Amino acid sequence: MTAALRFDPIRLPEKCEQLRKEVRAFLADEIAAGTFDPHKPNREDTDAPEFSRRVGAKGWLGMTWPKKYGGQERSFLERYVVTEEMRVANAPTRRFFVADRQSGPVLLKYAPEHIKMDILPRICRGEVCFAIGMSEPNSGSDLFAANTRATKTDGGYLINGTKIWTSSAHIADYMIAIFRTSPPTKENRRHGLTQFLVKMKQPGIKVNPIGQITGQYEFNEVVFTDFFVPDDHVLGEVDGAWKQATSELAYERSGPERFLETYYVLTELVRAVGPNPDTRSAEGIGRLVAQLHTMRRMSVSVAGMLQAGKEPVVEASIVKDIGTVWEQQLPHRVRDLAAFVEETATNRETLERQLDFAIKTAPKLTIQGGTTEVLRGIIARGLGLR
Amino acid sequence: MRVAPWGRTRQWQNTGNAVAESDNIVVETAEKIFADLADPQTINNDKKNSWQAPLWQALSEAGLPLSWVPDDLGGSGASLADGFALLNAAGRFAVAVPLAETMLAGWLLAQARIASPEGEMTVLPASPRDRITVDADGALSGRCRGVPFAKAAKHFAVLAHGKDGISIALVDAARAQTESGLNVGYDHSDTVTLDKVQPVIIKAAPDGVDQTTLMLMGGVSRSLQIAGALESMLDISVRYSNERVAFEKKISKFQAVQHNLARLAGESAAALAAATSAADAIANARSFNDEVYLEAAAAKIRCAEAAEKGGGIAHQVHGAIGFTIEHILHRYSLRALAWRDDFGSESHWAVELGKLVASRGADELWPLVASR
């Protein structure tokens with residue numbers, strides 16, 4: 001077999017199901033207390049610092065990390081359960097989500113000890129928000145075209161240039177970004193980029209919000225002008241960021257957030273059609289549930305393989321490719337099926353409002369975090385085509 | 001005489017290993033036989049079907065068609081998980097003998113502690129829309145369409161509805177009227193009519209075994225076969241794209257072709273994940289609850305969709321050569337499409353699953369999906 005893709009049928013261990021009950025109870029309490037409305041994904045203010053602290057207090061942030069950094073040393077499968085329950089409830093995770101999924105693990109691997117001791121426990125307590133500085137005005141999917149410069153100076157680097165589409169930069173305490181420390185070489189155009197930890201909210205950094213077609217402000221332009229980053233904020237090898245990026249992508253690409261972003265419209269459709277759907281609605285719902293179930297089983301399988309120490313990079317890319325295309329199409333399929341929902345359905349307005357937002361959200365889903373085209377290129381490489 | 005090297009007795013409702021965790025002696029044995037006697041190119045060149053008898057004989061001697069029948073009922077007593085893994089391997093070779101059908105028939109008979117005879121079998125009904133009835137004298141009547149390999153079968157395992165509930169029967173195929181037909185993959189898919197046929201033996205079905213159970217078992221079996229066929233379609237499509245030159249380069253170097261193959265990999269992966277997950281769920285189930293129903297129905301729906309999308313891409317990559325009867329691609333692509341129809345199409349299962357979800361209510365959808 002050329003491909004030999006693996007998706008072992010993982011069963012979540014018993015302790016995951018206990019944890020799931022705890023998370024559901026916690027979220028139910030938060031909803032009852034008015035922290036957020038699970039039926040309103042289109043809230044304007046998506047930042048919830050107090051909620052973030054309460055999630056941290058439950059021990060659900062950085063939960064796979066070593067205890068000495070504030071973690072719980074629990075499994076990726078347990079983290080998976082927390083993530084999917086938060087997502088399905090439409091909980092306001094913006095403040096901690098990036099730090100927990102991505103930035104923390106990068107710091108764990110590449111930051112000096114004193115920085116780990118300083119920042120990681122604060123992530124676990126839900127106190128700090130992270131942004132990721134990758135894209136630039138002339139460098140999106142082509143990451144290695146990044147041109148924001150880090151010029152060596154006494155004790156550190158001076159940063160000049162612009163990052164763009166940077167989610168949460170307006171509320172972030174830190175950013176993990178790649179900057180150019182050397183020009184690319186003829187042999188390796190990926191050479192010359194370095195990963196840095198950047199402390200935000202300082203002079204020399206200007207964050208300009210960019211409006212999105214959903215009506216929300218989530219991403220930003222971030223302009224660096226002679227901004228100083230100390231030497232100990234270099235993460236990993238100078239000029240060698242390209243070696244560090246790939247294996248972590250499996251974590252980023254295969255999680256439940258890659259197919260659940262518009263899930264709420266499916267729940268609301270089921271509510272709208274009621275307990276005795278006509279054949280058309282039943283078939284439409286059945287297909288969507290079958291597709292959803294399949295993706296979740298693939299995603300859980302990748303989580304299980306990660307937990308077992310494997311690096312299912314191609315499998316993870318497949319999950320994100322299929323998952324994001326599905327969550328992008330979902331609002332349109334639900335709209336098709338909702339066309340004949342009874343006027344008397346009590347949640348009709350809620351469904352319509354949700355569809356309106358989900359349809360506007362849909363275009364970004366196959367762009368953010370690695371476009372469909374990039375993912376298919378990675379899969380093709382895994383198949384031995386490139 | 002059947003000698004199975006793995007001889008372990010495991011029955012329905014027993015806890016078995018997951019497909020992926022199973023020891024692979026069953027699969028290894030089968031793959032060796034398939035490689036020797038069911039090579040797709042050799043079979044495709046053989047217009048007289050002279051490969052069929054030796055293949056069936058080798059499979060029978062290894063005890064594979066009665067994998068799901070315990071030793072004391074004449075089978076080789078493999079676990080459900082091992083049997084499912086075997087069907088996945090059979091799909092990878094697009095095996096066109098009644099292996100899956102005989103396995104299912106043996107499994108059904110074993111549920112009522114009926115011993116399996118030698119030779120090819122199939123199951124009745126093979127569609128959720130058909131129904132066999134049993135009258136007060138124990139005679140069976142009914143008409144079943146789309147019965148796979150009925151023409152080749154010496155016996156039928158029959159699930160019948162009567163006044164006193166559900167029965168399982170062994171029927172001599174010679175006593176039924178069988179009209180020959182072919183499915184889209186050129187395999188026998190026949191119409192069987194029973195008109196007051198006296199079975200060889202008939203017993204009451206145990207609790208928890210009904211027509212839906214049979215359809216879900218059959219559906220998951222077909223899902224694994226489809227997933228296997230898609231794995232092979234991906235394999236031969238990738239290989240072909242690395243050989244075929246157009247516009248002065250291998251077509252695998254064109255981004256449009258790469259992205260098509262990446263999508264085929266996605267469909268193949270989805271089918272494999274859905275089918276093996278459902279097999280694992282059934283192999284470890286204590287009863288057919290909603291979670292197992294979701295797994296099995298979803299597998300058939302998603303694998304059928306993958307057969308269409310994935311098979312379409314495999315043909316697109318191959319161009320005209322893949323459309324020729326000489327090329328082996330159609331052995332996989334058409335069979336995968338044909339398998340969609342058996343034991344309930346994806347449309348059937350989608351309606352049933354949709355009804356289940358609706359009856360449970362909106363707030364019970366996520367708990368169902370996240371149940372394991």
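**Exercise 1. Find which residues A:Phe76 touches, leaving out those up to four places away in sequence.**

Start with the ground rules: this is a predicted model, where local features need pLDDT of at least 70, side-chain atom pairs count only at pLDDT 80 or more, and totals for chains, interfaces and linings use all residues. Residues are numbered from 1 along each chain as its sequence is written, while chains are lettered from A and ligands numbered from 1 in the order in which they are written.

Step 1: A:Phe76 sits in helix H3 of chain A; helices (H or I, at least four residues) and strands (E, at least two) are DSSP runs, numbered from the N terminus.

Step 2: list the partners. Two residues are in contact if their C-beta atoms, placed from the backbone, lie within 7 Å. That gives A:Thr64, A:Ala303, A:Leu306 and A:Gln307 for A:Phe76.

Step 3: check one pair. A:Phe76 and A:Gln307 are 231 residues apart along the chain, yet their C-alpha atoms are separated by 5.7 Å.

Step 4: judge burial. A residue is buried if 20 or more other C-beta atoms lie within 10 Å of its own, exposed if 12 or fewer, and partly exposed in between, with C-beta atoms placed from the backbone. A:Phe76 has 18 such neighbours, so it counts as partly exposed.

**Exercise 2. Work out which elements of chain A touch chain B.**

Step 1: get the totals. Contacts link 49 residues of chain A with 48 residues of chain B.

Step 2: pick out the elements giving two or more residues on the chain A side. They are helices H3 (76-88), H8 (264-273), H9 (279-307), H10 (313-338) and H12 (372-382) of chain A. H9(A) gives the most, with 18 residues.

Step 3: sort by class. Ala, Val, Leu, Ile, Met, Phe, Trp, Tyr, Cys and Pro count as nonpolar, Asp, Glu, Lys and Arg as charged, and the others, Gly among them, as polar. The chain A side then divides into 23 nonpolar, 14 polar and 12 charged residues.

Step 4: zoom in on H12(A). Its buried residues include A:Leu375, A:Ile378 and A:Ile379. The buried residues of H12(A) pack against H10 of chain A together with helix H7 (255-283) of chain B. After H12(A) comes A:Gly384, with a positive phi near 85°.

**Exercise 3. Describe how H4(B) and H6(B) cross.**

Step 1: take the geometry. The axes of H4 (residues 80-92) and H6 (residues 211-243) of chain B come within 6 Å and cross at roughly 40°. Axes are lines fitted to C-alpha atoms, for helices over the stretch in contact, and angles run from 0 to 180 degrees between N-to-C directions.

Step 2: name the arrangement. Angles under 35 degrees count as roughly parallel, over 145 as roughly antiparallel, 65 to 115 as roughly perpendicular and the rest as oblique. H4(B) and H6(B) are therefore oblique to each other.

Step 3: look at who meets whom. Among the H4(B) residues in the contact are B:Phe84 and B:Leu87, and H6(B) residues there include B:Leu224 and B:Ile226. By class, the contact has eight nonpolar, six polar and two charged residues.
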